[in-house]
Amino acid sequence: MTIPQKIIASFLVSCGIAAALSSCTDDDKLSPESVITADRQEYTEFDYWLQRNFVAAYNIRFKYRYEDIESDMNYTTVPSRYDDAVVLAHLVKYLCLETYDEVGGIDFTRAYFPKLIFTIGEWEYRNNGTYILGTAEGGRKILLSGTNYLSQYLHSADDLNEYYLKTIHHEFTHILNQTKDYPADFQLITGSLYVADKWSESPHDTNYLQRGFISAYAQHSDKEDFAEMLSTYVCNPVSRWDGWMKEAGADGARLITAKLDIVRSYMRDTFGIDIDQLRTTLQRRQQEVQQGRINLSELT
């Protein structure tokens, strides 16, 4: 809804209330119950499941109902579909929260995972041809977009990884960095090669491995580079990472490995997380999802 539409809507509501009041007689009594019911909602089975598995377990709110105040007004967004939100909540729980529980303990997850996850149905499209998969805000909130496309990507491990799983781990890395910054040495490794929003343009959208970046987006800035390093490392099998290092060549692999060493030390020394164990655990859980061993729709 645009601002002018909001103004018109407010004016019409005010006129309606005024008309209703003017039609009352002195003997009529106003009901103590509000006639404005926009904030009312009936709790679903999913709401009770979220209460048990997110709020009670981690003190995390998973918001799937649309609230414009939680979205970015610079983009056209739509609500998440109920069934897709259910699946996404299961994926967040099994492939992120419980993965970190297994590696670092539930106290780590409770302490550091943001207390709000908000989902929207559409991607946030930018005017340069790219779109936003997720954001992390102030150490307290993660936005996950594109929920309504989940069903078409769910049965491909690569697609699920690219559009959702890596996004979750990428944004959580930002949250950890906002809690405790990473060493300044990281940004010096390829410091002169960051290109901000030009990362998606030629010639930056190709041959990034050879320049020491694990993805094209990693060229945006050292903060995005760090988050891409960790999320890409843990979300992909050893064989794929090794293939990328071979493709990067000696110089590119050397730069990427130097960054990875800092990421590994940072996670171990600051949070007690072994990223190699995290990758092994996550890869096993990903396979269980793809094999259909995890029910992504149950709400009992």
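Asn-59 sits in the loop between α2 (45-58) and β1 (61-63). This is a predicted model. The phi of Asn-59 is near 60 degrees, a positive value in a residue other than glycine. Most residues other than glycine have a negative phi, and most peptide bonds are trans.

A cis peptide bond runs from Ser-202 to Pro-203, with omega near 5 degrees. Pro-203 is found in the loop between α7 (185-189) and α8 (222-235).

## Cavities

Rolling a probe the size of a water molecule over the atoms shows where empty space is left. The structure holds 3 cavities of 30 Å³ or more. The largest cavity has a volume of about 40 Å³.

Leu-88, Leu-133, Leu-144, Ser-145, Tyr-163, Tyr-164, Thr-167 and Ile-168 line the largest cavity. Helix α6 (residues 157-179) gives the largest share of this lining, with 4 residues. By class, the lining has 6 nonpolar residues, 2 polar ones and no charged ones.

## Packing of α9 and α10

Two packed helices are described by the angle between their axes and the distance between the axes. Helix α9 (residues 238-271) packs with helix α10 (residues 275-290) at an angle of about 120 degrees. Their axes are 11 Å apart. Angles of 65 to 115 degrees count as roughly perpendicular and those over 145 as roughly antiparallel; α9 and α10 are therefore oblique to each other.

On the α9 side, the contact is made by Val-238, Trp-241, Leu-260, Val-263, Arg-264 and Met-267. Helix α10 brings Ile-275, Asp-276 and Arg-279. The residues of this contact divide into 6 nonpolar and 3 charged, with no polar ones.

## Aromatic pairs

A pair of aromatic rings is described by the distance of the centres and the angle of the planes. With ring centres within 6.5 Å as the cut-off, the count comes to 26 aromatic pairs.

One of these is Phe-108 with Phe-172. Their ring centres lie 6.2 Å apart and their planes are at 75 degrees, so the pair is edge-to-face. Phe-108 lies in helix α4 (residues 106-112) and Phe-172 in helix α6, so the pair ties together parts that are 64 residues apart in sequence.

Definitions and conventions:
Residues are numbered from 1 along each chain as its sequence is written. This is a predicted model: local features need pLDDT of at least 70, side-chain atom pairs count only at pLDDT 80 or more; totals for chains, interfaces and linings use all residues. Side-chain values use heavy atoms; hydrogens and water are left out. On a 1 Å grid over the protein atoms alone, a cavity is a set of points where a 1.4 Å probe fits but cannot get out, and a pocket is an open set with protein on both sides within 12 Å along at least five of seven lines; lining residues have an atom within 4 Å of a point. Grid points are joined across faces, edges and corners, and a volume is the space filled by probe spheres set on the points. Helices (H or I, at least four residues) and strands (E, at least two) are DSSP runs, numbered from the N terminus. Ala, Val, Leu, Ile, Met, Phe, Trp, Tyr, Cys and Pro count as nonpolar, Asp, Glu, Lys and Arg as charged, and the others, Gly among them, as polar. Axes are lines fitted to C-alpha atoms, for helices over the stretch in contact, and angles run from 0 to 180 degrees between N-to-C directions. Angles under 35 degrees count as roughly parallel, over 145 as roughly antiparallel, 65 to 115 as roughly perpendicular and the rest as oblique. Contact means heavy atoms within 4.5 Å. Rings of Phe, Tyr and Trp (its six-membered ring) pair if their centres lie within 6.5 Å; planes under 30 degrees apart count as stacked, over 60 as edge-to-face and the rest as tilted.
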